[in-house]
Every structure is written in structure tokens, then in C-alpha cells.
Amino acid sequence: AGIVLTNNVITLPETYNKVQDVAMIKKIVFTPPFIIYPKQNTRSGFFTESDENPLDYITLNQSHFFCYPAKVGHSLALIYFHRDFMSQGISLCNLFVLAEPEEYNNKKPDLIFVFGARLPRAEKRTVFHHDKANDIYVGFVSNTEKVDYFGYMKKMLLTIHNVRMIDKGNLPIHGAMVNITLKNGLQKNIAIIGDSGAGKSESLEAFRTLSKKYLKEIKIIFDDMGSFHIEKGKVIGYGTEIGAFVRLDDLEMGYSFKQMDRAIFMNPHRINARVILP
């Protein structure tokens with residue numbers, strides 16, 4: 001994989017001087033199949049809200065970090081990750097839109113996420129904070145082997161996005177949503193809501209594989225997380241991601257390997273092996 005970097009052109013509030021000069025990712029390119037081997041294969045614990053901004057107590061070497069500017073739904077997110085987690089940071093490109101320079105130049109981010117800054121006692125800490133003075137939602141995951149799993153990167157980012165949506169009067173949804181067109185031309189939107197492991201992604205896969213007889217087209221609005229907004233009296237669904245972070249076992253046998261030219265595999269030899277498909 002290769003990345004093209006550019007200087008940070010965002011002027012952040014003084015509180016965020018610790019990340020002000022971190023180089024920003026402008027382009028990512030990788031040769032598929034891209035296979036990585038993180039040390040963990042599951043996520044545990046909670047993301048807890050903190051009254052204290054993590055940027056106030058963490059220390060970091062800015063030359064050891066990279067910034068992935070992302071569009072998460074309607075939110076502009078700056079994701080700062082340590083070089084220890086380079087492979088996972090690069091994997092973000094299959095799941096979140098890489099923002100273009102004109103989309104973040106001289107604009108205040110809505111979300112800031114620091115992944116992999118070290119704490120004095122090498123403890124695991126996964127917290128988020130709403131900086132009300134600057135109206136920025138901040139997420140932080142400390143640098144330990146216990147968080148070497150892409151789920152920590154994805155879920156914390158979605159957590160701070162969801163908190164922002166709630167504060168704006170919208171409804172974040174942990175589920176999947178599709179727009180389907182039947183062969184007779186009838187269109188419907190379907191949302192499937194449930195806990196992790198309930199079968200949301202699997203249901204979308206079932207639509208894809210079992211419904212060819214009836215369906216003309218399927219458009220996935222979101223696969224894991226989205227939000228409902230009320231606009232002009234109508235409920236509108238928005239997605240947050242441009243891909244799916246799913247278990248290999250949940251896909252039709254062989255499907256993921258047919259997508260090898262664009263897939264990112266994580267520990268394909270282990271239980272709970274994952275793949276990110278755009």
C-alpha cells in the first residue's frame with residue numbers, strides 16, 4: 001500500500017495544537033488482495049463519555065501520526081492514527097470517504113479521533129468527549145495491543161458521529177437500509193435494525209443472492225450505521241459508510257474471494273475473520 005501526504009492546512013483551535021502539524025493523507029493506493037494480521041480479532045469493553053478532553057492529557061509525537069480526513073455522513077472527521085496501526089488506518093479507505101482538500105481546507109472539523117497515543121501506564125482507554133466550547137466531538141483510543149483490531153477504529157468513529165446526530169435532533173440507527181426496485185417497477189426502502197450479530201448484513205446478503213427472481217435493483221443506503229432525519233415532513237435515511245466490515249463466514253461461500261481485487265482481509269485464517277468490501 002502507498003499513501004500520498006500533504007501538509008495540514010486546517011487551523012484548529014488552540015486546544016488541538018498537539019495534532020496541528022500531523023501530515024494529512026491525500027491519496028491511498030493498495031495492491032489487492034490486501035491482507036493484514038492485527039493482534040486482536042474481537043472488541044471488548046465500552047466507549048465511555050468523559051468530562052475531560054483527551055487532548056488535554058495525552059502526549060504524542062506528531063511525526064509518528066497520520067491524519068485521514070473523512071466524511072462520515074454529513075460530518076467532517078479528522079482521524080489521527082499512530083504508525084503502529086498503519087495497516088488499519090489505510091483500511092479506512094474501503095469504509096469511509098476520503099475527503100478532498102477543498103472539503104476541509106480552512107473548515108472546522110465536526111469530529112476529531114486520536115487512535116494510538118500512548119498513556120504513561122500503557123493502559124487501555126476508550127473515551128469520547130464533547131468539546132462544547134468549539135463544538136467538536138473528540139474520540140480517543142490509547143496505544144496498547146488490546147486495541148489492535150479495526151472494530152475499535154470504526155466503532156469509536158461512529159460513536160462520536162452518533163452522539164453528534166442525537167444532539168442535532170436526528171436518530172442514529174444501528175442497522176441496514178436498502179432501496180429495492182421490483183421487476184414491476186415498484187420501489188421500496190427497507191430498514192433492518194438490530195444488535196450486533198442479529199443478522200443485518202446477512203439479510204442484505206440474502207436479498208442479493210435469493211431475490212434475483214423478483215428484484216431488478218438493490219441500492220444499499222447503509223450496511224451497519226446510518227441516521228434518520230426529518231426533512232420537509234418526511235423521514236430521510238442517510239448512511240455513514242461506503243463499505244461493509246463483515247465476518248467472512250457471514251458471506252455466501254466464495255463471494256468475498258470473487259471481490260479480491262478490491263477487498264481488505266483481516267486475519268482470514270482465524271475465527272471471526274473480517275473483510276472490508278467497498
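## The S5–S6 hairpin

Let's start at a turn: two residues separate the strands in the hairpin of S5 and S6, and Gly73 there takes a positive phi near 60°. Strands here are DSSP runs (E, at least two residues) and helices are too (H or I, at least four), numbered from the N terminus. This is a predicted model, where local features need pLDDT of at least 70 and side-chain atom pairs count only at pLDDT 80 or more, while totals for chains, interfaces and linings use all residues. Residues are numbered from 1 along each chain as its sequence is written, and side-chain values use heavy atoms, without hydrogens and water.

## Neighbours of S5

S5 and S6 run antiparallel, joined by eight bridges; strands pair if DSSP finds at least two bridges between them. Tyr68 stands opposite Ile79 in S6. S5 also runs antiparallel to S7 (residues 97-98), with two bridges, and Ala70 faces Leu98 there. With S2 the arrangement is parallel, again through two bridges, and Ala23 has Phe66 of S5 as its bridge partner.

Seven of the eight residues in S5 are buried, meaning under 20% relative accessible area (1.4 Å probe, protein chains only).

## The nonpolar cores

A nonpolar core is a set of buried Ala, Val, Leu, Ile, Met, Phe, Trp, Tyr and Cys residues joined through side-chain atoms within 4.5 Å. The largest has 40 residues, with Tyr68, Phe96, Phe113, Phe115 and Leu157 making the most contacts inside it. Elements giving two or more residues include S5 (65-72), S6 (75-82) and H3 (150-167). H3 gives the most, seven residues.

Another core, of 24 residues, lies apart from this one, and Ile10, Leu60, Leu76 and Ile112 are among its members.

Key:
Buried < 20%, exposed > 50% of the residue type's maximum accessible area, 1.4 Å probe, protein only.
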